[in-house]
Amino acid sequence: MLAAERKMRIVEHVRQCRIATVAGLAQQFNVHEATIRRDLMEIEQEGLLKRTHGGVIAEQWTHDEPPFSERSSKQLEQKMRIGQMAAGLVEDGEHIIIDSGTTTLHIARNLIHRSNIIVVTNDINIAAELRDASGVKVILTGGELYPSSYMLNGMFTDHVLETLHVEKAFIGIPAIHPVHGLMHPEAQLVPAKQGMIKAAREIIVVTDDSKIGKLSLHTVAPNSAIHTLITGTEASEEELKPFRDFGMTVYSV
């Protein structure tokens, strides 16, 4: 296979899979890893892909979040699995933060029968899910209501989060990148997520596979701030390897 054809096929493969390793590409195309590294350098110079430590990624951008009603029905089964797994990491007696979102909502649904837990949230949907949970105390952050999603945000939300200390924070995010970390397209939503991260001893990111490898305008936190990532089995090992290499505990459920 000529080098030009191999590079074209590498680009096609990475755009389809979103991420690939040097070792995996070398095995797939039956060439030495040094050859793949040279190919990737040339491909990056052409602006087609972005190299990462040990591999390459197709940079896909998230420019905005779809409406809550649309997001809630996407990857539903995967989000249910993620929510169940995340709830299993909560121990009785803990104080936790649950971020607003369609994936984090499923964490709350799996905490209804738990006991002696305090949940802080900026999401009225999450609070409503837990209203009949006798063993769960719910604290709403307050803030400006976003009617389309029942999320609370803004100055009051940020102020309350600055006063809190919890064991775990479960963070939802529309983009998580192996180099740039947690990212978000809307600047006004970044401070609350940063406040949740600052308030917690352990940071657990919950996100479906469609968010992995994505770029967005604003950085929320670096990968070094994340302890655990929970996603679906729909995410490939090549996509998850950079996060494992960063030292994160990664669950694929």
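Residues are numbered from 1 along each chain as its sequence is written, and side-chain values use heavy atoms, with hydrogens and water left out. Because the model is predicted, local features need pLDDT of at least 70 and side-chain atom pairs count only at pLDDT 80 or more, whereas totals for chains, interfaces and linings use all residues.

Helices (DSSP runs of H or I, at least four residues) and strands (runs of E, at least two) are numbered from the N terminus. Helix α1 comprises the 15 residues 3-17, and at 1.5 Å a residue it should span 21 Å; its end C-alpha atoms are 21 Å apart, in agreement with that value. The expected span is 1.5 Å times one less than the number of residues in the helix. The buried residues of α1 are R6, K7, I10, V11, H13 and V14. They lie on the same side of α1, because they cover an arc of only 165 degrees around the axis. The arc is taken from the directions from the helix axis to the C-beta atoms. Here buried means under 20% relative accessible area and exposed over 50%, with partly exposed in between, for a 1.4 Å probe and protein chains only. A4 and Q16, on the other side of α1, are exposed. The elements that cover the buried residues of α1 include β1 (19-21), α2 (22-29), α3 (33-45), β3 (55-57) and α10 (237-245). R18 follows α1 and has a positive phi, near 80 degrees.

In α2, the buried residues are V22, L25, A26 and F29. Seen down the helix axis, these residues fall within an arc of 100 degrees, so they line one face of α2. An α-helix has 3.6 residues a turn, so residues three or four places apart point the same way. The buried residues of α2 pack against α1, β1, α3 and β3.

Strand β3 contains I57, which is buried with a relative accessible area of 1%. I57 and R15 are 42 residues apart in sequence, and their C-alpha atoms are 7.9 Å apart in space. Leaving aside neighbours within four places in sequence, I57 is in contact (heavy atoms within 4.5 Å) with V14, R18, I19, L49, K50, T52, H177, P178 and G213.

Strand β13 (200-206) is mostly covered, with 5 of its 7 residues buried. Strands are taken to pair if DSSP finds at least two bridges between them. β13 runs parallel to β10 (residues 166-172), to which 6 bridges join it, and parallel to β16 (residues 228-231), to which 3 bridges join it. V206 of β13 stands opposite G172, and its bridge partner in β16 is I230.

A nonpolar core is a set of buried Ala, Val, Leu, Ile, Met, Phe, Trp, Tyr and Cys residues joined through side-chain atoms within 4.5 Å. The largest core has 28 residues, of which I97, I176, L182, V205 and L229 touch the most other members. At least two residues of this core come from each of β10, α9 (190-199), β13, β15 (218-221) and α10. The most are given by α9, with 5 residues. A second, separate core of 20 residues includes I107, L111, L130 and V206.

Two buried polar residues are found in loops. D208 is located between β13 and β14 (214-215) and is buried, with a relative accessible area of 0%. Its side chain makes polar contacts with the side chains of S210 (2.4 Å) and K211 (2.6 Å). A polar contact is a pair of N or O atoms within 3.5 Å; within protein, one must be able to donate a hydrogen and the other to accept it, and residues adjacent in sequence count only if both atoms are side-chain atoms. Not counting residues up to four places away in sequence, D208 touches Q75, Q78, K79, I82 and T231.

N122 lies in the loop between β6 (117-121) and α7 (124-129) and is buried, with a relative accessible area of 2%. A polar atom of the N122 side chain lies 3.0 Å from the backbone nitrogen of S100. Apart from neighbours within four places in sequence, N122 is in contact with I98, D99, S100, T141, Y150, M151, L152, T157 and M196.
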